[in-house]
Amino acid sequence: MTDTGPPVDAKTYTLADLLVVMARLRDPETGCPWDVKQSFETIAPYTIEEAYEVADAIMRGDMEGLKDELGDLLLQVVYHAELAAELGSFSFDDVADAITRKMIRRHPHVFEDPTRRDAFLGSGLWEQIKAEEKAERGEATDPVSILNDVPVGMPGLTRAAKLQKRAADVGFDWSEVGLIIGKVEEELAELKAAIAEGEPQERIADEFGDVAFVLANVARHLGVNPEAALRGTNAKFIRRFQSIEAALAAQGRSPQDADLDEMDRLWNAAKLEEKADKQDASSGKNE
């Protein structure tokens, strides 16, 4: 008799099942020792990491991977909700209720008055509703600044662009991208000067931060997501460096066996090959 292995579980699990699983994992007596020890603070880094994994799957066009990564991200929400429920603060149902109410409240042109739908994007209605929500929560009693609620935990380039967008909304902005390019050159000159003059590392880091900040502003004016652009460049660097490794491996060698000039030539060859591939792909689309 042939062993066909364990029976396939044909059940399709639901969100309700996931909530039960999470509660079991957190049970102090019968749960997983690792899960029982976790807190908001220890889980938060995983939450951020999983959000990046979702973005990565989207960028790669990997739909099967996206399904899995969205599940991992959903688990993070379930995890935090379970932690809060144990403290008696709120439950997952409260989270779902709150976001549903928020979406309905912020889309009156969909759920209340469809005649306002066409004018919604340029109406400022979304910002107005958000401001009213803050006032209701008492946040208006804090020192008034439109920058106050831009999360500190955001990735640096994203937060820079967000801060710049907030300032731009009240008129504090460059009138054209060419002027910002000039500012990039100015900040680069200051960084070069700090390096040449042997300034302390703190000063050099400060000047570098200025360059990164103004580059985020260039991205915003060009309609480019700076984080996505940098992820794309990271991926490009990986492809090209791995091409160097592959070319050397074909000779029974590694990067440690090559000098910079040779690796630079291989890098340029990889660039030319990528450009040729893009041109071939473009020609194929036009045929």
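Predicted model: local features only at pLDDT ≥ 70, side-chain atom pairs only at ≥ 80, totals over all residues.
Residues are numbered from 1 along each chain as its sequence is written. Local features need pLDDT of at least 70 and side-chain atom pairs count only at pLDDT 80 or more, while totals for chains, interfaces and linings use all residues; side-chain values use heavy atoms, without hydrogens and water.

Select helix H8 (residues 156-169) and helix H10 (residues 201-222), which pack at about 65° with axes 9 Å apart. Helices are DSSP runs (H or I, at least four residues), numbered from the N terminus. Axes are lines fitted to C-alpha atoms over the stretch in contact, and angles run from 0 to 180 degrees between N-to-C directions. On the H8 side, the contact (heavy atoms within 4.5 Å) includes Leu 157 and Gln 164; on the H10 side, Phe 213 and Arg 220 are among the residues that take part.

Stay on H10. Its buried residues (under 20% relative accessible area, 1.4 Å probe, protein chains only) include Ile 204, Val 211 and Asn 217. The buried residues of H10 pack against H8, helix H9 (177-196) and helix H11 (226-249). Just after H10, select Gly 223, with a positive phi of about 75°.

Next, the rings. The whole structure holds three aromatic pairs (ring centres within 6.5 Å; planes under 30 degrees apart are stacked, over 60 edge-to-face, the rest tilted; Trp by its six-membered ring). Trp 34 and Tyr 46 have centres 6.1 Å apart and planes at 75°, so this pair is edge-to-face. Phe 237 and Phe 241 are stacked, with 10° between the planes.

Terms used
Helix = DSSP H or I, 4+ residues; strand = E, 2+ residues; numbered from the N terminus. Buried < 20%, exposed > 50% of the residue type's maximum accessible area, 1.4 Å probe, protein only.
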